[in-house]
Structure formats: C-alpha cells, structure tokens
Amino acid sequence: MSDLLAKYNRQGPRYTSYPPVPFWKNAPSESEWINHLKVIYNDEEGMDLYVHIPFCEKLCYYCGCNRIVTKNHSVQDNFVELLMTEWRLYCTRLGFIPKINSLHFGGGTPTFLTPENLEKLIIELTKNKKETFTGSIEIDPRNTTIEHLDCFKRNGIKRVSLGIQDFDPDVQKAINRAQSFEMVETLVNEMRLREFESINFDVIYGLPKQTRATITETFRLIRKLKPDLIAYYSYAHLPERLKNQRLINSADLPEGSEKQALYDLGKELLAEDGYADVGMDHFALPHNFLFKAKDSNRLHRNFMGYVDKKSPILLGLGPSSISDSSLSFAQNEKGMNEYEIKIKSNQLAINHGHTHDENDLNVQKIILSLMCRNESSFGEIEQIPYWDEVKTDLSSMEEDGMIKLDDYKVIVLPLGRKFIRNIAMVFDFYFREKMPAEKFSRTI
Ligand SMILES: C=Cc1c2[nH]c(c1C)Cc1[nH]c(c(CCC(=O)O)c1C)Cc1[nH]c(c(C)c1CCC(=O)O)Cc1[nH]c(c(C)c1C=C)C2
Ligand SMILES: C[C@H]1O[C@@H](n2cnc3c(N)ncnc32)[C@H](O)[C@@H]1O
Ligand code: SF4
C-alpha cells in the first residue's frame with residue numbers, strides 16, 4: 001500500500017466538475033449563456049439554486065473558500081439587495097420565473113446574515129417552487145442563533161451542515177478557530193428539537209497539530225452528537241495560491257504517511273460508529289438521504305459535492321458562484337467590487353466559463369459515474385480521447401489491484417477507492433495535455 005501511495009499521491013482535481021475550472025475554454029457570451037439556459041430549461045424538471053454568502057467574522061487559516069473577513073455586519077443589507085437584483089436580472093432575461101427544486105446557501109458564512117435577511121432572500125428566490133422543494137445551508141456554529149434555526153424550519157431549509165473541522169484546543173489555536181464542544185452540543189440539541197432532515201458535520205484531517213490522539217478524541221466527541229452525515233476532508237494545503245494558509249506553521253502539518261494514518265484512523269472510527277462510505281470524503285448513517293441515494297443508484301455530484309437529486313440547470317448567485325446549464329459552465333466574478341459593479345449596471349456577473357464539446361460530455365459522464373458509483377461503462381471506445389494511453393494507464397492500475405477492467409467497463413475495487421481521483425484523472429484529457437502548476441491539491 002505505501003508503494004501505491006507514493007506512486008499515486010500527486011496533484012489532481014477533486015472533480016466537482018468536468019472539465020475542472022483551470023481547463024475551461026470557449027466561455028459562452030452573455031447571450032449564449034442565456035440561450036443555453038433557455039434551451040435546457042423546462043418547467044417539469046425545474047432548476048437548482050446556489051447562493052454564495054462570502055462574509056466571515058474571523059479568518060480560519062486553513063480556509064480554501066472564497067470569503068471576505070469582516071466584523072461589520074452592516075454590509076449585508078446592500079449585499080442581499082444585489083443578490084435579489086441578480087435573480088431578477090435572470091428572470092427578466094429568461095422571460096419567466098423558473099421553478100425551483102432546491103436552494104443551497106454556501107460560503108463564506110451564510111449565518112453571517114440575520115435570519116430576517118435570509119428569510120427575505122429565500123422568499124424572493126422561491127416564489128415559484130416545487131412542492132418537493134428542499135433547502136440546505138452551511139452554518140457556522142459560532143454565530144448560529146435559535147432565531148436562525150426557526151427561520152430555516154419555517155422556510156423549508158431541511159438540511160444543515162456545520163463547520164466543525166476539529167475539537168482539539170491546540171489544533172483550534174493553530175487554525176485560528178476556537179469552538180467548544182459544549183457550544184456545538186447545545187446547537188445540535190436545538191436542531192434535534194426542530195427535526196431537521198439531515199445534520200452534517202464537516203471535519204478535516206491533515207490540519208496542523210493533529211495527531212492520532214486528537215483525531216480519536218474529536219471523533220469521540222462527534223459520536224456523542226451522532227450527525228447524520230460526516231464530510232471527512234483531506235486538508236488541501238496550497239500556500240502559494242492561498243495567502244491565508246501561510247499563517248500555518250508547516251512544521252506543524254502531519255504529512256505523507258502520518259496524514260494517511262489520520263485518514264485511515266478516521267475511516268475506521270466512522271465505520272465502528274455505523275457510518276458508510278457514500279462517495280469521496282462523505283460518510284452517512286443508513287437512514288440518511290445520501291446513503292439511500294447511494295443505495296438505490298441515485299447519487300449525483302455537482303459543484304457543492306454529492307447530492308441525491310440534480311436538475312438539468314444549477315444557477316449560482318453571488319460572487320464566485322458557478323452555474324451549470326448542462327451545455328456549459330459559467331462562473332461569476334470572484335471579487336465583491338467586480339460583482340457589485342456588474343449587477344448595479346444591470347449586467348449578469350459571469351466572467352468566465354466553458355462550453356462543452358462532445359468529448360467533454362463523454363468524459364464528464366465517465367468521471368461522474370466513477371465518483372458516484374465506483375464504476376463506469378464506456379459505450380464507444382472511439383469516443384474516448386487518447387484511448388491507447390488511457391488503456392495503458394488502466395492496465396497498470398489493474399495490475400496494482402485498484403480496478404477490474406472489462407473491455408467496456410471499469411470497476412473500482414476496494415483498494416482503488418482512495419485513489420478515485422487518480423482513476424478519474426486517467427480519462428481527463430485536459431490534464432493529460434497540460435497539467436497546470438500549483439492549481440490542484442494532492443489526490444490522497
Ligand atoms: C465552502 C467552500 C468550498 C469548498 N469547495 C467548494 C466551495 C464552494 C467548491 C469547489 N471546490 C473546488 C471548486 C472548483 C471546481 C473545479 O475545479 O472543478 C469548487 C467550485 C476545487 C477546490 N477546492 C479546494 C481546492 C484547493 C480546489 C481546487 C483544486 C482541486 O480541485 O483540488 C480546497 C477546498 N475547498 C473546500 C474544500 C472542501 C476543499 C478541499 C477539500 C471548500
Ligand atoms: C465547506 C468546508 O470545506 C472545508 N474546507 C475549507 N477549506 C479547506 C481546505 N483548504 N482543505 C480541506 N477542506 C477545506 C471545511 O471543512 C469547510 O467546512
Ligand atoms: S472555513 Fe468557513 S468560517 Fe472559516 S474562513 Fe472559511 S468560510 Fe469562513
């Protein structure tokens with residue numbers, strides 16, 4: 001196993017999209033983008049919304065998200081207006097009010113907004129919603145109030161995800177994120193009273209000062225609260241690109257086999273507690289919606305990670321949000337100023353994107369299937385770019401015991417699970433052509 005780790009632990013995409021953002025080309029123009037949405041949209045299938053709230057009160061040193069750190073909460077009223085203007089712009093350009101299947105608030109920190117502002121947004125964005133509408137939100141336990149929880153409950157936000165990361169005081173100090181177990185426990189108890197459909201904890205391994213002992217203790221505390229879902233992420237350390245990560249002392253980082261041991265330990269503890277592996281980084285109790293989706297072959301993946309339902313269109317609002325029209329991707333301006341200038345001058349905020357060709361769509365299907373089902377059929381081999389090279393790489397992975405190969409099918413074996421990003425990379429012809437420097441985190 002350590003040989004395989006050495007061989008395959010290299011930089012690579014996490015495949016929340018194919019092609020990954022650094023490889024995008026042929027961005028749709030604004031009118032092409034609207035046209036793609038119009039061609040794909042239909043009332044029966046509706047669409048999904050993602051809303052990015054970039055503000056955070058305090059900087060976590062490890063953070064890899066697009067965020068603005070400020071203690072000044074008065075920025076929110078103007079920002080909520082911008083989001084509503086962006087939404088109305090879309091409705092005007094499309095000529096109809098889309099039917100909404102789901103709405104996800106991500107960040108930054110959605111709970112930076114007051115419950116009143118969140119409610120105002122939800123009501124505006126879901127005027128035309130499906131009966132089966134499901135909302136979800138990423139919350140920061142440090143600033144989530146009872147009033148927030150009541151607001152979620154009233155407005156169909158049934159799935160909540162808490163940023164936990166780690167409970168050890170020394171680790172918390174090294175990442176600049178103090179958050180006591182008691183505070184989280186109180187919040188989770190209040191959530192249980194309100195019977196949310198799913199409570200997720202985000203946990204990271206590979207953080208500074210983490211050891212086998214601290215991870216064991218963190219999971220002992222997590223066990224007391226029994227979240228329905230746990231995301232156990234590998235810390236992506238890219239200090240060249242993410243300035244805030246330079247505040248982490250690299251001597252404190254568990255690396256290589258040490259980091260791997262933290263993953264293996266976490267996985268073992270999760271299994272002992274009854275959590276099943278539902279996809280890359282995600283573990284669920286059997287009653288949870290992601291477990292059921294995995295079990296009945298309905299697991300999907302989008303920019304936010306794994307989901308149980310996926311509409312043909314995902315529309316992203318707010319700075320840095322990514323949209324998917326099925327024909328193309330588009331990403332909004334990342335900077336708040338650039339975003340605000342465009343919205344205030346009645347332009348869409350998109351600033352780059354990618355229009356899919358036939359090869360993109362074929363490989364997209366293969367990679368999605370690998371990430372969601374641990375197997376993929378190819379259909380026509382002629383449709384796979386660089387097939388000869390792909391075949392050679394797959395044969396080598398088969399020899400390493402990671403996959404089983406039929407002429408028209410790859411099946412990921414248990415040993416290959418943790419190398420899923422490497423297996424997906426075999427089909428990624430952009431990566432084959434040109435690997436960008438320092439863009440991606442390590443695969444293991
Ligand atoms: C809440 C913060 C977010 C995290 N991930 C995302 C958000 C909104 C979603 C996301 N992550 C990446 C992309 C780009 C899409 C793509 O390239 O296909 C999006 C939309 C990729 C990414 N995430 C991290 C890095 C370093 C990268 C780029 C390269 C790569 O694909 O490896 C770091 C990171 N950020 C978050 C997580 C969970 C994470 C790594 C585990 C939070
Ligand atoms: C949305 C979730 O993304 C995770 N997250 C944020 N930044 C990183 C990073 N650099 N590496 C791994 N996970 C990260 C946190 O767990 C957060 O809660
Ligand atoms: S991890 Fe969450 S709270 Fe911390 S800086 Fe990033 S977005 Fe903000």
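In this predicted model, the centres of domain 1 and domain 2, taken over C-alpha atoms, are separated by 28 Å. Domain 1 covers residues 21–315 and domain 2 covers residues 357–434, according to the domain assignment of the chain. Seven residues of domain 1 and six residues of domain 2 take part in the contact. On the side of domain 1 that touches domain 2, three residues are nonpolar, three are polar and one is charged.

The chain as a whole contains 15 helices and 19 strands. Its radius of gyration is 21 Å, close to the 22 Å given by the globule rule for 444 residues, so the chain is as compact as a globular protein of that length. Along the principal axes, the C-alpha atoms fill a box of roughly 55 × 50 × 40 Å. Buried residues make up 43% of the 444 residues. Among contacts in the chain with a separation of 6 or more, 71% are accounted for by residues 24 or more positions apart.

The largest nonpolar core has 108 residues, of which Leu49, Ile367 and Ile423 touch the most other members. For Leu49, when neighbours within four places in sequence are left aside, the contacts are with Ile100, Leu103, Leu125, Leu315 and Leu317.

Two ligands were examined through the residues around them. Ligand 1 has 19 residues around it, and those that come nearest are Arg14, Pro20, Val21, Gly64 and Cys65. Strand E4 (100–107) and strand E8 (229–234) are the elements that give two or more residues to this shell. By class, the shell around ligand 1 consists of ten nonpolar, seven polar and two charged residues.

The surroundings of ligand 2 are formed by Tyr62, Cys63, Gly64, Cys65, Glu138, Gly163, Gln165, Asp202, Ile204, Tyr233, Tyr235 and Ala236. Here the elements that supply two or more residues are strand E6 (157–165) and strand E7 (198–205). The shell around ligand 2 divides into seven nonpolar, three polar and two charged residues.

Some details of the backbone remain to be described. Most residues other than glycine have a negative phi, and most peptide bonds are trans. The peptide bond from Tyr18 to Pro19, however, is cis, with omega near -5°. Pro19 is placed in the loop between helix H1 (2–8) and helix H2 (30–40). A cis peptide bond is also found from Gly107 to Gly108, where omega is near 25°. Gly108 belongs to the loop between E4 and helix H4 (115–125).

Positive phi values occur in Lys226 and Tyr386, neither of which is a glycine. In Lys226 phi is near 45°, and this residue lies in the loop between helix H8 (212–225) and E8. Lys226 has 14 other C-beta atoms within 10 Å and is therefore partly exposed. In Tyr386 phi is about 60°. The loop that holds Tyr386 runs between strand E17 (375–377) and helix H13 (387–399). Tyr386 has 15 C-beta neighbours inside 10 Å, so this residue too counts as partly exposed.

Terms used:
Residues numbered from 1 in each chain as written. Chains lettered and ligands numbered in written order. Predicted model: local features only at pLDDT ≥ 70, side-chain atom pairs only at ≥ 80, totals over all residues. Near = placed C-beta within 6 Å. Helix = DSSP H or I, 4+ residues; strand = E, 2+ residues; numbered from the N terminus. Nonpolar A, V, L, I, M, F, W, Y, C, P; charged D, E, K, R; others polar. Core = buried A, V, L, I, M, F, W, Y, C linked by C-beta atoms within 7 Å. Buried ≥ 20, exposed ≤ 12 C-beta atoms within 10 Å, placed from the backbone. Contact = placed C-beta atoms within 7 Å. Domains from an automatic or database assignment. Rg over C-alpha atoms; globule rule 2.2 N^0.38 Å.
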